[in-house]
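Please consult the sequence and the coordinates alongside the text.

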Amino acid sequence: MRLLDLLFPERRNSAVIARDRLKIVLAHERASRDAPDFLPALQKDLLDVVGRYVEIRGDMLRVNVGKSGDTSLLEINVEIDGAKTKPVKNGATAAAAKAAPVTRLDRGTPAPWVKPS
Amino acid sequence: MAKVIVLTSGKGGVGKTTSAAAIASGLALRGNRTVVIDFDVGLRNLDLIMGCERRVVFDFINVINGDAKLNQALIKDKRNDNLYIFPTSQTRDKDALKRDGVERVLNELKESFDYIVCDSPAGIEHGAITALYFADSAIITTNPEVSSVRDSDRIIGILASKSRRAEHNMEPVDVHLLLTRYSLERVKKGEMLSVEDVKEILSIPLLGVIPESESVLRASNTGIPVVFDEESPAGRAYVDAVARFLGEQREMRFVQPERRSFFRALLGRA
């Protein structure tokens, strides 16, 4: 048994397993804890829009908020590799035109999900 | 200016009450006027750990509701004149802990104490949130075990977002890690998370490491906080933690094999 432990130290060292499991689960939990409340709704809307053009499942579109230096980044990843494209309908663009006007932020204005310091 | 310190953890059974009793006693032993408050409404236990369970007449809820005066409810410790115990109620009504009432009582305590140590209940419900809400400092009591570390991380997040300091955009609560029930033997065998592991994962400053010790059960059996036991390794570790809290630099004990300290003793170093 001892020899086996020496040959396969990772089999024995449950503390390393504990540490690695904690690192992974806490990375996920911290990301979702700091995420703004509108992310799920935004993800749903984006799915609707992208879904007009390509066939896409919920898990193929991921929305995250991250930080890069002083800048908060809204990161949207859409996986469309192998997804079937849909014929573009005129209705799609017409609906977009009728939608509420887009609010643009001036440079220097903090994004709505940035906590005031 | 009086300082409010919360002992919190998220998870139950990690040693919050033992640590609150030890740290409050340690602060008092250093000459600070200290009161330790039990926030665990309905599951009162600090009185037992402090050995004053038969002297409880009025409690925290009585004072909040105006049914008793503060000096009627505070119990003076028999071992140290600087130390007072503020027991909680055994009522089942958890909502009796009203935030404005707690604030009023804390403000009154601040007039006559240097340190107000709050012993939080487990969980992240009303009682635990009320206990941490007014804190200036937090001592995160953690065992080197996955569920305790995860819950500690959650509590650190709550302190950063839901405490009074966070809500009022004040300087954040200063958080400290207190690692309890540490077994160097098991860490060396790779069976237990090490101090370094937990420090790295939680990334908060380390206040102390309390070794797993028989003296802790003996302390709770007899109702004498473990810092009063000068022979106890856990007691000495708490004394060190208190010194660090007060700004002293002290080397961590009980995290290295004992042999090393034996050699140091031979060399004439502490």
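The points below are grouped by topic. The model is predicted. Chain B and chain A bury about 1300 Å² between them, and four salt bridges are counted between the two chains. A search of the whole structure finds one cavity of 30 Å³ or more.

**Interface of chain B and chain A**

- Chain B brings 16 residues to the contact, and chain A brings 14 residues.
- Of the area of about 1300 Å² that the two chains bury, 53% is on carbon and sulfur atoms.
- Three residues, B:Arg150, B:Asp153 and B:Ile201, supply 37% of the area that chain B buries against chain A, more than any other three residues.
- Seven residue pairs are in polar contact across the interface, with both residues at pLDDT 80 or more.
- On the side of chain B that touches chain A, at least two residues each come from α7 (146-162) and α10 (195-202) of chain B.
- With six residues, α7(B) gives the most to that side of chain B.
- By class, the side of chain B that touches chain A comprises seven charged, six nonpolar and three polar residues.

**Salt bridges**

- Over all chains, the structure holds 19 salt bridges.
- Between the chains, A:Arg30 pairs with B:Asp153 in a salt bridge whose closest N and O atoms are 2.6 Å apart.
- Within chain B, the side chains of B:Arg30 and B:Glu248 form a salt bridge at 2.7 Å, N to O.

**Largest cavity**

- The largest cavity holds about 50 Å³ of space.
- Its lining consists of B:Thr18, B:Ala21, B:Ile49, B:Val216, B:Ala219, B:Ser220, B:Ile224, B:Pro225 and B:Val226.
- The elements that give two or more residues to this lining are α1 (16-29) and α11 (214-222) of chain B.
- The largest share of the lining, three residues, comes from α11(B).
- By class, the lining has seven nonpolar and two polar residues, and no charged residues.

Notes: Residues are numbered from 1 along each chain as its sequence is written. Chains are lettered from A and ligands numbered from 1 in the order in which they are written. This is a predicted model: local features need pLDDT of at least 70, side-chain atom pairs count only at pLDDT 80 or more; totals for chains, interfaces and linings use all residues. Side-chain values use heavy atoms; hydrogens and water are left out. Contact means heavy atoms within 4.5 Å. Buried area is the accessible area (1.4 Å probe) that two parts lose on being put together, summed over both. A polar contact is a pair of N or O atoms within 3.5 Å; within protein, one must be able to donate a hydrogen and the other to accept it, and residues adjacent in sequence count only if both atoms are side-chain atoms. Helices (H or I, at least four residues) and strands (E, at least two) are DSSP runs, numbered from the N terminus. Ala, Val, Leu, Ile, Met, Phe, Trp, Tyr, Cys and Pro count as nonpolar, Asp, Glu, Lys and Arg as charged, and the others, Gly among them, as polar. On a 1 Å grid over the protein atoms alone, a cavity is a set of points where a 1.4 Å probe fits but cannot get out, and a pocket is an open set with protein on both sides within 12 Å along at least five of seven lines; lining residues have an atom within 4 Å of a point. Grid points are joined across faces, edges and corners, and a volume is the space filled by probe spheres set on the points.
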